[in-house]
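Please read it alongside the structure shown here.

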Amino acid sequence: MLLQRQLDNRGFQLNRQGKIPFALGSEGHEAAQTGAATALIRGKDILVPYYRDLGLCLGFGFPPSGVFNSMFARAQDGSGGRQFPNHYSDKAIGLFSVSSIIAAHCTHAVGAAFAFVYRGQTGRAVLCSTGEGATSEGEWHEAVNFAAVRKLPIVFFVENNQYAISTPQAAQMAIADVADKAPGYGIPGIACDGFDPITVYAAMKEALDRARCGGGPSIVEAKVYRFLSHSTDDDDRTYRSPQEVRDRRKCDPVPRFERVLLQAGIINDEELDALKADVLRETNEATDASESLPMPEAGELYGNVYEGAHEPWR
Amino acid sequence: MAVTARTTVMNNVEAVRHTLHQALTNDPNTLILGEDVGARGNVFLITKGFLEEFGAARVIDTPLAEACIVGVAVGMAMEGLRPIAEIQFADFIYPAFNQIVGEAAKTRYRSNGDYTCPLVIRTPYGGGVRGALSHSVSIEALFYHVPGLKIAAPSFPADIKGLLTAAIEDPDPVLFLEHKKTYRSVKGEVPDGRYVVPLGKADVKREGEQLSVVSYGLYVHQALDAAARLAEEGISAEVIDLRSIRPMDRTTILQSVRKTHKLLIIHEDHKFGGIGAEIAAMVAEEALFELDAPIRRLCGPDVPAMGYAQTLENAFMISTERMADAMREMVRF
């Protein structure tokens with residue numbers, strides 16, 4: 001959670017410094033994503049995230065170096081510097097290539113879950129994440145419906161941060177909980193406090209375990225809040241009040257979970273400070289290392305269009 | 001291209017069926033998904049009996065949702081399976097446009113080769129079958145603009161087998177177009193064993209000296225009929241069947257134009273922005289001074305669709321007589 005926040009901050013800093021043209025933040029999603037990622041089994045499960053899933057990806061084994069290679073659009077980036085920041089791809093760990101197109105990845109996740117069943121592989125599940133806005137898309141519905149019909153091992157994780165860029169949830173749907181859509185598909189749905197990683201972990205663990213044992217798909221909705229603008233190109237003051245954001249900041253999940261750990265005696269102040277220092281150092285090192293890497297060669301524009309050498313139409 | 005000695009006469013439906021059957025028999029990673037492909041065996045009965053033979057995990061009746069059919073197939077392909085998706089009629093493909101153009105065609109590029117999308121999307125297209133507005137359309141021009149995608153549109157049984165096999169084995173997404181009117185009207189010899197026609201290779205179906213006719217789909221057959229008729233008048237027309245629209249075989253087209261010095265392009269899809277526009281532009285760029293006459297395109301009219309009424313359908317479709325007239329005029333130019 002600390003690393004996610006630090007990397008997020010660094011993205012916005014690099015943008016303000018003019019070093020990268022664009023950054024996307026996930027502040028407010030840390031607890032939900034950490035809780036969900038902790039319920040995944042590395043090396044077995046597949047993660048099909050959307051573009052605000054920095055913490056999910058980190059928690060699934062995606063390294064900070066990959067995050068900065070993406071931000072700086074370096075040759076080593078998973079897309080070879082082609083995609084926006086936060087659009088990772090890492091087949092080695094089972095992290096599907098992230099699409100910018102809202103909900104376009106949901107059917108891909110279903111296809112991957114189908115492949116598990118096709119091969120007779122039990123004990124594996126797919127986590128497909130979206131925001132709440134994506135659940136307005138027909139493709140989200142088509143994906144959930146197909147998964148439900150075939151009882152596929154997949155969990156649709158909905159990070160409800162209440163805004164799709166500027167459009168509030170009330171303009172997206174006539175219900176308070178996305179999870180209430182689940183009965184329409186004949187599958188379980190649960191809404192939980194996305195500011196508490198343990199609650200989210202428990203909900204995701206139950207849903208993923210059910211999927212891994214042949215119990216079919218679920219919808220898990222984590223109630224979060226997007227503290228930052230949609231991206232560095234957005235200004236949230238045009239559609240929501242700074243007071244609203246300040247009020248929600250009072251429940252910021254990162255310091256809240258720090259307090260939980262301190263009060264439970266799991267960590268003390270010195271250890272927490274040391275952890276924060278480690279995270280900052282790791283972030284600084286990863287930033288510098290990535291910045292020094294080369295950009296993709298211009299000729300790479302023509303690479304990986306098809307297998308083998310592409311003969312472009314002249 | 002490996003041609004085996006033994007052949008069987010088939011129509012185009014049988015050629016598709018035979019090729020799919022071979023693919024499912026030979027590669028346990030291949031599977032078919034689409035609307036009514038299982039219990040019904042596809043609306044043209046192409047996959048009849050497949051469900052019983054290969055099982056419900058490999059012959060999948062999907063919900064009625066085209067974006068889902070293609071999107072799920074993309075995910076299967078990214079995860080190592082070899083899906084053959086079917087869109088019941090090409091006219092129904094528009095909901096899947098996002099998945100084909102935005103996702104399948106960009107999977108390899110977007111992940112720098114980490115993920116690939118070996119996917120075939122088969123769909124019947126084309127008119128002349130009283131299919132009205134929504135069972136007659138040609139869709140190739142909407143998709144041939146898209147790098148990352150391959151498109152095949154063969155219309156002879158052997159070519160269907162060779163190209164569908166190539167498509168299924170191809171490591172990239174292929175849109176495979178089957179002209180409905182040729183399904184049962186066209187018959188031919190098909191090699192029994194493994195037979196592959198590489199994607200991106202046109203075929204000179206009739207050699208000639210005075211005019212090059214480039215076409216594909218149903219109209220190749222009509223163009224061949226017209227050329228045979230004109231031969232009796234002493235006119236020698238070469239007929240090229242594109243077979244693949246992307247990659248496009250510029251070499252065969254240019255070789256022919258350099259020989260005959262005249263080019264007529266015939267297709268059922270609309271003229272504006274159609275396949276013929278790209279061929280004409282390419283020939284103008286590469287071989288303008290080889291031409292002894294202006295390039296001519298005989299294509300679908302600039303209207304939204306063909307009508308259900310026979311008169312309206314006829315007015316949309318190009319008759320063999322019109323093709324012969326155009327060929328005659330060009331030779332006489």
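Which residue stands opposite A:Ala222 in β7(A)? The answer is A:Cys192, and the points below place this pair in context.

1. Basis of the note. This is a predicted model, in which local features need pLDDT of at least 70 and side-chain atom pairs count only at pLDDT 80 or more, while totals for chains, interfaces and linings use all residues. Residues are numbered from 1 along each chain as its sequence is written, and chains are lettered from A and ligands numbered from 1 in the order in which they are written.

2. Strand β7 of chain A and its partners. Strand β7(A) covers residues 218-223; helices (H or I, at least four residues) and strands (E, at least two) are DSSP runs, numbered from the N terminus. β7(A) runs parallel to strand β3 (residues 154-160) of chain A, with 6 bridges joining them; strands pair if DSSP finds at least two bridges between them. Within this pairing, A:Phe156 has A:Ile219 as its bridge partner. Strand β6 (residues 189-193) of chain A is also parallel to β7(A), through 5 bridges. From β6(A) the chain passes through helix α8 (residues 197-212) of chain A to β7(A) in a right-handed β-α-β crossover, that is, with the strands pointing away from the viewer, the path from the first strand over the helix to the second runs clockwise.

3. Burial of β7(A). Of the 6 residues of this strand, 6 are buried, the term requiring 20 or more other C-beta atoms within 10 Å of a residue's own, with C-beta atoms placed from the backbone. One side carries A:Ser218, A:Val220 and A:Ala222, and the other A:Ile219, A:Glu221 and A:Lys223, so that both faces are covered.

4. Contact between the chains. Chain A places 32 residues in contact with 33 residues of chain B, a contact being two C-beta atoms, placed from the backbone, within 7 Å. On the chain A side, α5 (106-118) and α6 (138-150) each supply at least two residues, and α5(A) gives the most, with 9 residues. This side has 14 nonpolar, 13 polar and 5 charged residues; Ala, Val, Leu, Ile, Met, Phe, Trp, Tyr, Cys and Pro count as nonpolar, Asp, Glu, Lys and Arg as charged, and the others, Gly among them, as polar.

5. Domains of chain B. The assignment gives domain 1 (7-191) and domain 2 (203-332), with bounds from an automatic or database domain assignment. Their centres, taken over C-alpha atoms, are 26 Å apart. Each domain contributes 25 residues to the contact. On the domain 1 side, β6(B) provides the largest share, 3 residues, and the side as a whole divides into 12 nonpolar, 8 polar and 5 charged residues.

6. The largest nonpolar core. This core has 189 residues, and A:Val110, A:Ile154, A:Val155, B:Val213 and B:Met327 have the most contacts inside it; a nonpolar core is a set of buried Ala, Val, Leu, Ile, Met, Phe, Trp, Tyr and Cys residues joined through C-beta atoms within 7 Å. Helix α3 (residues 66-78) of chain B supplies the largest share, 10 residues. The core lies between domain 1 and domain 2 of chain B because both give residues to it. Leaving aside neighbours within four places in sequence, the contacts of A:Ile154 include A:Val110, A:Ala147 and A:Pro217.

7. B:Arg17 belongs to helix α1 (residues 12-26) of chain B. B:Arg17 counts as buried because it has 21 C-beta neighbours inside 10 Å.

Definitions and conventions:
Buried ≥ 20, exposed ≤ 12 C-beta atoms within 10 Å, placed from the backbone.
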